[in-house]
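Keep the 3D view open while you read.

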Amino acid sequence: MKSHPYRIFTDYYYKWRMLPSRFTLHTHPRYEILYFHSGSCSYVLGDRVIPLQPGDLIIMNGMTQHCPKVDRSSEYVRTMFSFDPCLVEIFGPALLKCSPLQPFETLRNHHIRLNPDAQADLENILERIDRFYRLNDIVPHHRLLMAFYDLLMFVYEQCRAEIGGRPRYKSDRERYAQQIIDFVESAYMTDLDLDRIADELHISRYHLMKVFRDSTGMTIFDYIYKRRVNQAKILFFQSDELTVTDVCFKVGFKHLSHFSRVFKRQVGVSPDQFRKSVQGVHFVSNG
């Protein structure tokens with residue numbers, strides 16, 4: 001399969017109609033946006049079951065258990081994005097002043113019933129995202145990023161009235177997994193091992209690994225390597241001056257060969273190939 005280094009979402013389905021054999025409750029350390037086009041579906045989100053109507057929008061922080069319960073007598077059509085929060089660093093300080101992730105951070109999980117005008121606005125944004133997503137080239141990639149930023153601003157606008165409220169209470173397991181993620185986020189670029197993380201959070205290695213795996217579906221080091229590679233991609237986008245070796249050490253890898261293997265496994269191309277493909281074109285200016 002042809003590599004596509006400009007893909008920015010962990011999972012992405014536009015007007016997805018295929019039904020897997022079954023849906024199961026799951027969690028993950030990513031943010032998610034789901035738009036319901038048509039069908040008959042109730043969405044399980046933590047302790048809530050939400051009967052969906054066409055035009056409904058759900059945002060999730062990912063750490064709350066969620067899954068759809070689909071009535072298979074009618075076609076279930078949805079658009080879904082799952083993305084790592086660090087992705088927004090690409091937008092730079094000026095655009096980040098608008099706090100595009102605040103709905104996810106404050107409301108955590110939120111259901112929005114859109115009016116017809118808002119539905120038309122959102123569906124136009126989704127169509128643009130899908131069009132640019134399918135083109136493997138740097139210019140459509142930047143147009144994709146701009147459309148995605150527009151989507152985040154649309155979500156922010158729809159959630160504005162609710163953002164002033166208090167955050168929804170999290171379960172103990174969700175809170176604990178979030179503490180692990182928060183620590184990794186603050187230290188992923190340093191020399192991390194399980195003993196250090198366990199000591200910092202005052203838990204055993206076994207409990208650390210079990211809580212994280214049960215909550216996210218991945219190991220801690222799977223998450224650390226994914227976070228480092230995502231940051232490497234951001235650094236390549238932001239600067240033509242940094243070499244592959246510079247980026248390798250900046251994001252926390254100790255050996256260039258290890259960085260190259262992990263990067264290629266996740267992205268589909270080598271760090272050097274990715275760096276060359278994005279040189280000279282930047283979404284935001286560092287000046």
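What follows covers a pocket, a strand pair and some salt bridges.

## Before you start

Bear in mind that this is a predicted model. Residue numbers count from 1 along the chain as its sequence is written.

## The second largest pocket

Let's begin with some open space. The second largest pocket holds about 320 Å³, and 18 residues line it. If you want to find its centre, look for Tyr 31, Pro 85, Gln 178, Ile 181 and Asp 182, the lining residues that lie nearest to it.

Which helix gives the most to this lining? That's α5, with 4 residues. At least two residues each come from α2 (102-107), α5 (172-187) and α8 (220-238).

## A covered strand and its partner

Now for strand β6, residues 66-70. Most of this strand is covered, with 4 of its 5 residues buried. Strand β3 (residues 41-45) runs antiparallel to β6, and 5 bridges join the two.

## Salt bridges across the chain

How many salt bridges does the structure hold? There are 13, and a few are worth a click. Take Arg 30 and Asp 11, whose side chains meet at 3.6 Å, N to O. This pair links distant parts of the chain, 19 residues apart: Asp 11 sits in strand β1 (11-16), while Arg 30 is in the loop between β1 and β2 (31-38). Arg 30 has a relative accessible area of 10%, so this residue counts as buried, whereas Asp 11, at 28%, is partly exposed.

Next, Asp 56 and Arg 113 form a salt bridge at 2.6 Å, N to O. Asp 56 belongs to strand β5 (residues 56-60) and Arg 113 to strand β8 (residues 110-113), so the pair ties together parts that are 57 residues apart in sequence. Asp 56 is buried at 1% relative accessibility; Arg 113 is partly exposed at 42%.

There's a helix-to-helix case too. The side chains of Asp 150 and Arg 128 meet in a salt bridge at 2.7 Å, N to O. Because Asp 150 lies in helix α4 (residues 138-163) and Arg 128 in helix α3 (residues 116-133), the pair ties together parts 22 residues apart in sequence. Asp 150 is partly exposed, at 30% relative accessibility.

Finally, look for a trio: Glu 89, Glu 185 and Arg 227 are linked in a network of salt bridges.

Definitions and conventions:
This is a predicted model: local features need pLDDT of at least 70, side-chain atom pairs count only at pLDDT 80 or more; totals for chains, interfaces and linings use all residues. Side-chain values use heavy atoms; hydrogens and water are left out. On a 1 Å grid over the protein atoms alone, a cavity is a set of points where a 1.4 Å probe fits but cannot get out, and a pocket is an open set with protein on both sides within 12 Å along at least five of seven lines; lining residues have an atom within 4 Å of a point. Grid points are joined across faces, edges and corners, and a volume is the space filled by probe spheres set on the points. Buried means under 20% relative accessible area, exposed over 50%, partly exposed in between (1.4 Å probe, protein chains only). Two strands pair if DSSP finds at least two bridges between them. A salt bridge is a side-chain nitrogen of Lys or Arg within 4 Å of a carboxyl oxygen of Asp or Glu.
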